[in-house]
Amino acid sequence: MKMYFNTHTHLNSEQLYFNRDIFISHALNEEVDYLCVVGYDVESSKKAVQIAHEYPFIYCAVGISPNDCEETTDEDIQVIEELLQDPKAVALGEIGLDYHWDVPRDKQKDVFLKQIEIAKRYDKPIVIHARDAYEDTYNILRNAKHYGIMHCYSGSAQMAQRYIDVGFYISLAGTVTFKNAKTPKEVAKTVDINHLLIETDDPYLTPHPFRGKLNEPANVVYVAKEIAKIKNMAIEDVARITTFNAKKVFGIK
């Protein structure tokens with residue numbers, strides 16, 4: 001029997017929220033027995049907590065992402081801290097740095113650092129969104145001396161090892177299934193399975209063979225299958241070990 005833990009889903013997004021029961025049912029049919037719904041601003045974080053309370057096997061992360069932080073106030077940060085104290089909140093995220101979009105970098109770093117301090121205060125892992133900013137993100141995390149997850153990792157295998165060395169798991173999403181995705185496949189090959197997690201980041205990054213369609217939590221099985229193929233492992237072992245890793249980092253008994 002396989003048991004998958006999808007560590008990053010956005011059932012709180014507009015595309016999925018109103019039909020979430022259907023998507024959750026699909027996930028269960030594929031033996032995806034655990035989900036973590038991840039916030040990216042105050043409202044989506046509130047929804048993540050709400051969804052987590054609807055099902056015993058769903059958990060949540062709350063946070064303000066770098067793409068959603070431009071108007072963030074200290075009051076918003078305070079709300080995230082309050083939400084983090086909910087028993088179903090297992091992580092603070094997604095947070096980080098994104099230099100792809102034109103959001104002021106000083107503001108990104110300020111919101112990022114304030115949320116890291118909250119996570120440290122409550123000893124909760126952080127879920128990191130990094131895009132075109134891997135070096136700056138690494139330097140902040142190295143100095144923070146905390147732990148967590150590099151979500152939807154798209155950096156190099158060499159950089160992945162540096163993140164692992166400062167306390168982070170590497171989470172792979174649908175991009176690892178793309179035929180021309182050399183870098184994610186290299187990461188899947190070289191990173192020890194004991195440091196890997198699986199996710200969908202739905203409704204985005206739909207894996208092969210469904211590219212172009214709406215992504216959903218059940219599709220995490222295709223991520224696991226690709227990792228199993230690359231590593232020449234049994235799919236059952238990939239499911240079991242990545243689920244163990246997820247429970248470990250999230251502090252789920």
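Modeller: A disulfide is a pair of cysteine sulfur atoms within 2.5 Å. This is a predicted model, in which local features need pLDDT of at least 70 and side-chain atom pairs count only at pLDDT 80 or more, whereas totals for chains, interfaces and linings use all residues. Residues are numbered from 1 along each chain as its sequence is written, and side-chain values use heavy atoms, with hydrogens and water left out.

Colleague: To what number does the count of disulfides come by this rule?

Modeller: The sulfur atoms of a pair must lie within 2.5 Å. For Cys69, the nearest cysteine sulfur is that of Cys152, 19 Å away. For Cys152, the nearest cysteine sulfur is that of Cys36, 14 Å away. By this rule, the count of disulfides is zero.

Colleague: Is Cys69 buried or exposed?

Modeller: The term buried means under 20% relative accessible area, exposed means over 50%, and partly exposed lies in between (1.4 Å probe, protein chains only). Cys69 has a relative accessibility of 1%. Cys69 therefore counts as buried.

Colleague: How many aromatic pairs does the structure hold?

Modeller: Rings of Phe, Tyr and Trp (its six-membered ring) pair if their centres lie within 6.5 Å; planes under 30 degrees apart count as stacked, over 60 as edge-to-face and the rest as tilted. One of the pairs is that of Tyr134 and Tyr163, at 6.1 Å centre to centre with 65° between the planes, and is edge-to-face. The number of aromatic pairs in the structure is nine.

Colleague: How many residues apart in sequence are the parts that the pair of Tyr134 and Tyr163 ties together?

Modeller: Helices (H or I, at least four residues) and strands (E, at least two) are DSSP runs, numbered from the N terminus. Tyr134 belongs to helix 6 (residues 134–144) and Tyr163 to helix 7 (residues 157–165), so the pair ties together parts of the chain whose separation in sequence is 29 residues.

Colleague: What is the angle between the planes of Tyr138 and Tyr163?

Modeller: Tyr138 in helix 6 and Tyr163 in helix 7 are 25 residues apart, and their pair links distant parts of the chain. Their ring centres are 5.8 Å apart, and the pair is edge-to-face, with an angle of 80°.

Colleague: What is the relative accessible area of Tyr163?

Modeller: Ring pairs link Tyr163 into a cluster with Tyr134, Tyr138 and Tyr153. Tyr138 is buried, with a relative accessible area of 10%. Tyr163 is also buried, and its relative accessible area is 0%.
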